[in-house]
Amino acid sequence: MSLAVIGMIAGMALAFAGYFGGFGAFLLVAALGAVGFVVGRFLEGDLDLGDLFRARDDRLRPRDDRRR
C-alpha cells in the first residue's frame with residue numbers, strides 16, 4: 001500500500017472521529033495515531049529510542065568527541 005493511500009485512510013479516520021465524536025475524539029485518534037507511528041518506526045528499526053531521550057547538543061556532536 002502506498003504512503004498516499006495510508007495518509008488518505010488516516011485522514012478519513014480523523015475526519016470521522018471529528019465529525020461523529022467531536023474535537024476530543026479527534027485529538028484522541030490523532031494522539032493514538034502518533035503513538036502507533038512511533039512504535040511502528042521503532043519495530044521496523046528506523047528509530048532508536050536513545051535519539052528521543054538524548055540531549056539535542058549530544059546528537060549534533062560526533063560520538064568520539066562527547067564529554068565524560
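Q: Which pattern does the protein follow along the sequence?
A: Read along the sequence, the pattern is α-α-α. Helices are DSSP runs of H or I, at least four residues, numbered from the N terminus; strands are E runs of at least two. Here there are three helices and zero strands. The model is predicted: local features need pLDDT of at least 70, side-chain atom pairs count only at pLDDT 80 or more, and totals for chains, interfaces and linings use all residues. Residues are numbered from 1 along each chain as its sequence is written, and side-chain values use heavy atoms, with hydrogens and water left out.

Q: Is Phe 20 buried or exposed?
A: Buried means under 20% relative accessible area, exposed over 50%, partly exposed in between (1.4 Å probe, protein chains only). Phe 20 is exposed, at 61%. Phe 20 sits in helix H1, residues 3-44. Of the 68 residues, 3% count as buried.

Q: What volume does the largest pocket have?
A: Rolling a probe the size of a water molecule over the atoms shows where empty space is left. On a 1 Å grid over the protein atoms alone, a pocket is an open set of points where a 1.4 Å probe fits, with protein on both sides within 12 Å along at least five of seven lines; lining residues have an atom within 4 Å of a point. A volume is the space filled by probe spheres set on the points, which are joined across faces, edges and corners. The largest pocket has about 190 Å³. Its lining includes Leu 3, Ala 10, Val 29 and Phe 37.
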